[in-house]
Amino acid sequence: MLAIIGGSGLTTLSNLDVSHREVVRTPYGEPSGALVFGQICGRPAMFLPRHGYGHTIAPHMVNYCANLWALHHYRATGVISVASVGGIRGDLQPGDLVLPHQIIDYTWGRKSTFFEGNGSPVRHIDFTEPYDGDLRQRIRAAANELAIDLKVGAVYAATQGPRLETAAEIDRLERDGADVVGMTGMPEAVLARELELPYAAVNVVANHAAGRGSSANGIHFEQLEEVLQGAMGQVRLLIEHLVGCQPENGG
Ligand code: HPA
């Protein structure tokens, strides 16, 4: 069963016909909220809002270990992470959907491995390709079939937040090769890898990154919500297609 982790702008999955909710206790504490199980056009799916149902958990406070552990425990076969980002690359506009292929991690102080403590042996996992190739391919195919404009390939910079970046920080991220910037992509991706859970992300560009384009003189929060809501409609369509809905039966 596919799991969806929703970020800002996607705290509920309105196309999910909810069957039940599970409050999960994990060895790592509590996930961001109850896991929601249900069906999308008859196909099973589960959903977890990364920032909690009231959008109260800041990016650096999210219990990523508990979230991933819970999805794995309930036998998710793959995880689609939906997350908003700032656009650094010149062609990216607010409202665009992006399928990242690489990550640079600038976060700090977050618990970012399951492999520590209790005398457990040191383990190093391969993370050359941080996102699952098959899942990315499926997302790409779904976008193609639905004629959704998805920008394929982007380097995602994960920053600590919760504050947004300075213009100079964005210049530095660009020099490092980053195309988009967000606050939650790590350690989520690596924890999924440690659990051998196929994981891919769909990023929604909420704004030009600090100092760029319409954010040249600051990031204007009033516009963010509107942009996200518009784009999330497309994300919902993508998810429907990914779980196996056919466009002609309402999906
Ligand atoms: N920076 C970091 N995270 C974000 C941004 C941004 O500009 N927009 C949405 N999430």
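Trainee: Why does S32 count as buried?

Mentor: This is a predicted model, so every value here is computed from predicted atoms. Buried means under 20% relative accessible area. S32 has 10% relative accessibility, so S32 counts as buried.

Trainee: Where does S32 lie?

Mentor: S32 is in the loop between β2 (17-22) and β3 (35-40).

Trainee: What does the side chain of S32 reach?

Mentor: The side chain of S32 reaches the backbone oxygen of R50 at 2.6 Å. The cut-off for a polar contact is 3.5 Å.

Trainee: Why is C41 called partly exposed?

Mentor: Partly exposed is the class between buried, under 20%, and exposed, over 50%. C41 has 33% relative accessibility, so C41 counts as partly exposed. C41 is found in the loop between β3 and β4 (43-49).

Trainee: What is there to note about phi of C41?

Mentor: Phi of C41 is near 40°. That is a positive value in a residue other than glycine. Most residues other than glycine have a negative phi.

Trainee: Which value does phi of R75 have?

Mentor: Phi of R75 is near 65°, again positive in a residue that is not glycine. R75 has its place in the loop between α1 (64-73) and β5.

Trainee: What makes R75 exposed?

Mentor: Exposed means over 50% relative accessible area. R75 has 67%, so R75 is exposed.

Trainee: Which polar backbone atom is 3.3 Å from a nitrogen atom of the ligand?

Mentor: That atom belongs to G86. For S84, a backbone N or O atom lies 3.5 Å from a nitrogen atom of the ligand.

Trainee: How much of the accessible area of the ligand does the protein cover?

Mentor: On its own, the ligand has 260 Å² of accessible area. The protein covers 92% of that.

Trainee: Which pocket does the ligand take?

Mentor: The space taken by the ligand is the largest pocket.

Trainee: How do you know that the peptide bond between G161 and P162 stands out?

Mentor: The G161 to P162 bond is cis, with omega about -5°. Most peptide bonds are trans. P162 lies in the loop between β9 (155-158) and α3 (167-176).

Trainee: What is omega for the bond from M186 to P187?

Mentor: Omega is near 10° there, and the bond is cis. P187 is placed in helix α4 (residues 185-194).

Trainee: What makes I88 buried?

Mentor: I88 has a relative accessible area of 3%. The limit is 20%, so I88 is buried. I88 lies in the loop between β5 and β6 (97-99).

Trainee: Why is I239 called buried?

Mentor: I239 has a relative accessible area of 2%, under the 20% limit, so I239 is buried. I239 has its place in helix α5 (residues 221-243). I239 and L13 are 226 residues apart in sequence, yet 9.7 Å apart in space, C-alpha to C-alpha.

Trainee: Is R212 buried or exposed?

Mentor: R212 has 16% relative accessibility, under 20%, so R212 counts as buried. R212 is in the loop between β11 and α5.

Trainee: Why does G218 count as partly exposed?

Mentor: G218 has 27% relative accessibility, between the 20% and 50% limits, so G218 counts as partly exposed. G218 lies in the loop between β11 (199-208) and α5.

Key. Residues are numbered from 1 along each chain as its sequence is written. This is a predicted model: local features need pLDDT of at least 70, side-chain atom pairs count only at pLDDT 80 or more; totals for chains, interfaces and linings use all residues. Side-chain values use heavy atoms; hydrogens and water are left out. A polar contact is a pair of N or O atoms within 3.5 Å; within protein, one must be able to donate a hydrogen and the other to accept it, and residues adjacent in sequence count only if both atoms are side-chain atoms. Accessible areas come from the Shrake-Rupley method with a 1.4 Å probe; for residues, only the protein chains shown count as cover. On a 1 Å grid over the protein atoms alone, a cavity is a set of points where a 1.4 Å probe fits but cannot get out, and a pocket is an open set with protein on both sides within 12 Å along at least five of seven lines; lining residues have an atom within 4 Å of a point. A molecule sits in a cavity or pocket if more than half of its atoms lie within 2 Å of its grid points. Helices (H or I, at least four residues) and strands (E, at least two) are DSSP runs, numbered from the N terminus. Buried means under 20% relative accessible area, exposed over 50%, partly exposed in between (1.4 Å probe, protein chains only).
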